[in-house]
Amino acid sequence: MSVLRPLDKQPGLNTATILLVGTEDALLQQLADAMLKEDCASELKIHLARSLPLPSDVNRPRIDLIMFVVNLHSKYSLQNVEESLRHVDATFFLGKVGFLAMGEGRLSSHCGAAPGTHAADLRWPRARRLSPEPAVPVEEL
């Protein structure tokens, strides 16, 4: 098991490989199916993972984008993403990592720090734009 690096393998010709990471298997599969239905000029390959690190495999393709899917109703989902981030090389955060927050309805309560706090700790390029305060006040949740 190793840290994922963006340029450790040669890119495939007209191929993009996306890694979806999240705890909700059905949600990841639904998202992958929707992405594959879209018309694309290049071949799109999507791999699913519950968490990182991935097993060491010399046949694994180069990963062009990592999308972390967070269920807003599950504290475990956010913890899983935070633990998985330790296994991603810092250079991946320059345009090759995305976060997708999923959840319907109202949240019962606000738990933990706002994203801006964690972004500043990780030294993300856009961390200065994120506020450590929640976007929605707790009273409105």
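Me: Why is R62 called buried in this predicted model?

Reply: The cut-off for buried is under 20% relative accessible area. R62 has 16% relative accessibility, so R62 counts as buried. The residue lies in the loop between β2 and β3.

Me: What makes the pair R62 and D64 a polar contact?

Reply: A polar contact needs N or O atoms within 3.5 Å. The side chains of R62 and D64 are joined at 3.1 Å.

Me: How do you know whether L54 is buried or exposed?

Reply: Set the value against the limits: buried is under 20%, exposed is over 50%. L54 has 13% relative accessibility, so L54 counts as buried. L54 also sits in the loop between β2 and β3.

Me: What kind of peptide bond joins L52 and P53?

Reply: A cis bond, with omega of about 10°. Most peptide bonds are trans. P53 is placed in the loop between β2 (43–49) and β3 (65–71).

Me: What makes β1 mostly covered?

Reply: Of its 7 residues, 6 are buried. For the chain of 141 residues, the buried share is 30%.

Me: How do you know that β1 and β2 pair?

Reply: Pairing requires at least two bridges. Strand β1 (residues 15–21) and β2 have 7 bridges, in the parallel sense. T15 has E43 in β2 as its bridge partner. L19 stands opposite H47 in β2.

Me: Which strand does β1 join through 4 bridges?

Reply: That strand is β3, and the two run parallel. I18 has L65 of β3 as its bridge partner.

Me: How do you know that β3 and β4 pair?

Reply: The threshold is at least two bridges. β3 and β4 have 6 bridges, again in the parallel sense. V69 is partnered by L100 in β4.

Me: What is the order of the strands in the open sheet?

Reply: The 4 strands are ordered β2-β1-β3-β4, with parallel pairing. From one strand to the next, the twist averages 25°.

Me: What makes a right-handed β-α-β unit with α1?

Reply: The parts are β1, α1 and β2. The test is a clockwise path from the first strand over the helix to the second, with the strands pointing away from the viewer. This unit is right-handed.

Me: Where do the helices α1 and α2 lie?

Reply: Helix α1 (residues 25–37) lies across β1, β2, β3 and β4, at about 180° to β2. Helix α2 (residues 75–85) lies across β1, β3 and β4, at about 155° to β3. Angles are taken between N-to-C directions.

Me: How many helices and strands does the chain have?

Reply: There are 3 helices and 4 strands. From the N terminus, the elements run β-α-β-β-α-β-α.

Me: What share of the contacts between residues at least 6 apart in sequence joins residues at least 24 apart?

Reply: The share is 76%.

Me: How much of the accessible surface belongs to carbon and sulfur atoms?

Reply: The accessible surface of the chain is about 9,600 Å², and 53% of that area belongs to these atoms.

Key: Residues numbered from 1 in each chain as written. Predicted model: local features only at pLDDT ≥ 70, side-chain atom pairs only at ≥ 80, totals over all residues. Heavy atoms only, no water. Axes fitted to C-alpha atoms, helices over the stretch in contact; angles between N-to-C directions. Contact = heavy atoms within 4.5 Å. Buried < 20%, exposed > 50% of the residue type's maximum accessible area, 1.4 Å probe, protein only. Areas by Shrake-Rupley, 256 points an atom, 1.4 Å probe, with all protein chains shown as cover. Polar contact = N/O pair within 3.5 Å; in protein donor to acceptor, adjacent residues only side chain to side chain.
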